[in-house]
Amino acid sequence: MVKMEGKGIVAIVGLVLLVVASVVECDADTVTKVKTVRGKKMCDKGWECKGWSIYCCNDTITDFFQTYQFENLFSKRNSPVAQAAGFWDYQSFITAAALYEPLGFGTTGGKHMQMMEIAAFLGHVGAKTSCGYGVATGGPLAWGLCYNREMSPSQTYCDDTYKYTYPCTPGAEYYGRGALPIYWNYNYGATGEALKVDLLNHPEYIEQNATLAFQAAIWRWVTPIKKSQPSAHDAFVGNWKPTKNDTLSKRVPGFGTTMNILYGDFLCGKGDDDSMNTIISHYLYYLDLMGLSREQAGPSEAVSCAEQAAFNPTKSPNTASS
């Protein structure tokens, strides 16, 4: 159950495993519990990686991504012209991320892959919440997390075809909100069910609580749109193995496929699309700022989705993200 009080989010993440545990102290502030289950080492690191998981045996996000790096990536977010000045912060991101670290978010592979995934996820976030432009102070890529909501929405984003599953609440508006903006009643409904927060009746919660906004975005990153398809997380870290149809559709593991999963043919399969290039530019810029070479992002076919066929071709004008 998730309760909202200011920026507080209370969550329970647990796995029930009946084996004997040993305790190993890592430092003065952290105690890592370690045990072996069916020949696999599993760990629990307390608040940041809570719940027995193979991923909790790796570095956690705070081991390699700290406050000063967050500030570097989003250096202009609290400028007076930023709509969401004072809203987004490092602690909100880490608090949200901690719920998904046992599932592998930012904890899959070695330190290099872990840093790459954080840069990739935040590259999407930065691009989708930016108010940067060509001659903006600090450059157009320094303005991520400028917004926490869509400005001047042209509609309420209520789709009545979902009236039996996610009926629109009178007076509620389902315009874009969050770190990876959520649009439409059915997306607020599905996200709220997953997070155990009533977003269908109260979509405004996303723009009132930065931790919840990050949590919703990370949930979207680690959750497949359809069970037969990969999540953005799996496509990026290499857990996904393309099928023959994927190969024919030019979908390969890497950053490009994360865009395909999150935005489909609104971005992908359009050749050299400006919106797609903006997201890529944020990702590569963040790699640089985190001390990773952008060349390590891979070849253009892995970074881009310009030639990829969409996993879920558009059948209506409604979209989860824009």
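Arg177 sits in the loop that joins helices H4 and H5, where helices are DSSP runs of H or I with at least four residues, numbered from the N terminus. The model you are looking at is predicted, so local features need pLDDT of at least 70 and side-chain atom pairs count only at pLDDT 80 or more, while totals for chains, interfaces and linings use all residues. Residues are numbered from 1 along each chain as its sequence is written, and side-chain values use heavy atoms, with hydrogens and water left out.

Is Arg177 buried or exposed? Arg177 counts as buried because its relative accessibility is 3%; buried means under 20% relative accessible area, exposed over 50%, and partly exposed in between, with a 1.4 Å probe and protein chains only. Leaving aside residues up to four places away in sequence, Arg177 touches Asn148, Arg149, Ile182, Tyr188, Pro203, Glu204, Ile206 and Glu207, a contact being heavy atoms within 4.5 Å. With Glu207 there is also a side-chain to side-chain polar contact at 2.6 Å. Such a contact is a pair of N or O atoms within 3.5 Å; within protein, one must be able to donate a hydrogen and the other to accept it, and residues adjacent in sequence count only if both atoms are side-chain atoms.

Now move along to Met151, which is placed in the loop between helix H4 (111-128) and helix H5 (185-195). Met151 counts as partly exposed because its relative accessibility is 42%. Met151 and Arg177 are 26 residues apart in sequence, and their C-alpha atoms are 9.6 Å apart in space.

Helix H4 itself is mostly covered, with 14 of its 18 residues buried. From first C-alpha to last, H4 reaches 26 Å, close to the 26 Å expected at 1.5 Å a residue; the expected span is 1.5 Å times one less than the number of residues.

Next comes the nonpolar interior. A nonpolar core is a set of buried Ala, Val, Leu, Ile, Met, Phe, Trp, Tyr and Cys residues joined through side-chain atoms within 4.5 Å. The largest one has 76 residues, and Phe65, Phe93, Phe105, Phe121, Leu122 and Tyr283 touch the most other members. Helix H6 (residues 210-222) gives the largest share of this core, ten residues. Apart from it lies another core of six residues, including Ala82, Ala136, Ala142 and Cys146.

Finally, a word on confidence: pLDDT, the predictor's confidence in each residue from 0 to 100, averages 89 for the protein, and 88% of the residues score at least 70. Over residues 1-28 the pLDDT is below 50, although this stretch has 54 contacts in the model beyond near neighbours in sequence.

Key:
Helix = DSSP H or I, 4+ residues; strand = E, 2+ residues; numbered from the N terminus.
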